[in-house]
Amino acid sequence: MPGFDGTLRQITVLRRPDSRGPSPMLTNHFDSTLPEVLRRYTRRWLIEKSISEQLAFFDLNRLSSSMVIKGDFDLAMTVRAHNLYRLLALRLPPGFQRHTAPTLFEKVPSTGADVTLTTHCRVALKTKRSLPALLETLADMRTQAIPWLGNRKLAFQGATRT
């Protein structure tokens, strides 16, 4: 490796469940056992995979705007959106916490709804497999007034049609 004067240890993982081929890695950890090195690098791979999924799903530059958003802002907004999805997953019933942001999006926010504004804001969510879990999670929002809706309160319910 150019610019590195030390000795390196090369390890090649022949099979990983999410990989198509061998995964070579270089390390300067000679005192660590092979399982210790693999655990350390596995955590790093999981972080890299998570960032890669976030960038693919939340890519702000794929919007219908001709303006290219600066990289730092793009990454900051990507991480923020990802964390908001994680918070949503934590509020949902058990089982949703393990889902990735694209899966959560498909199961929850992409649910269509009919919205009626009167003295309150009635949101009739379309029937979906995850609707009961979503209604349970949103139940505590009924008492919150939404300032940008003229302080109307939300009323979530299941729709009668799909």
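Let's start with contacts. Take those between residues at least 6 apart in sequence: 35% of them join residues at least 24 apart. Keep in mind that this is a predicted model.

Now the overall layout. The chain has 4 helices and 6 strands. Reading from the N terminus, the order is β-β-α-α-α-β-β-α-β-β. There are 162 residues, and 25% of them count as buried. The chain exposes about 11700 Å². Carbon and sulfur atoms supply 58% of that area.

Next, strand β4. Is it enclosed or open?

Which strands pair with β4? One is β3, residues 113-117. β3 and β4 run antiparallel, joined by 5 bridges. They form a hairpin, with 3 residues between them. Look at Leu 117: it stands opposite Cys 121 in β4.

β6 also pairs with β4. That strand spans residues 152-158. Here the two strands run parallel, again with 5 bridges. For a specific pair, take Val 123: its bridge partner in β6 is Phe 156.

Last stop, the surface. Which residues make the nonpolar patch of about 310 Å²? Met 1, Phe 4 and Leu 26. Phe 4 sits in the segment before β1, which is residues 9-13.

Key
Residues are numbered from 1 along each chain as its sequence is written. This is a predicted model: local features need pLDDT of at least 70, side-chain atom pairs count only at pLDDT 80 or more; totals for chains, interfaces and linings use all residues. Side-chain values use heavy atoms; hydrogens and water are left out. Patches are made of residues with over 30% relative accessible area and no salt bridge: like charges are joined within 9 Å, nonpolar side chains (Val, Leu, Ile, Met, Phe, Trp, Tyr) within 5 Å. Accessible areas come from the Shrake-Rupley method with a 1.4 Å probe; for residues, only the protein chains shown count as cover. A salt bridge is a side-chain nitrogen of Lys or Arg within 4 Å of a carboxyl oxygen of Asp or Glu. Buried means under 20% relative accessible area, exposed over 50%, partly exposed in between (1.4 Å probe, protein chains only). Contact means heavy atoms within 4.5 Å. Two strands pair if DSSP finds at least two bridges between them.
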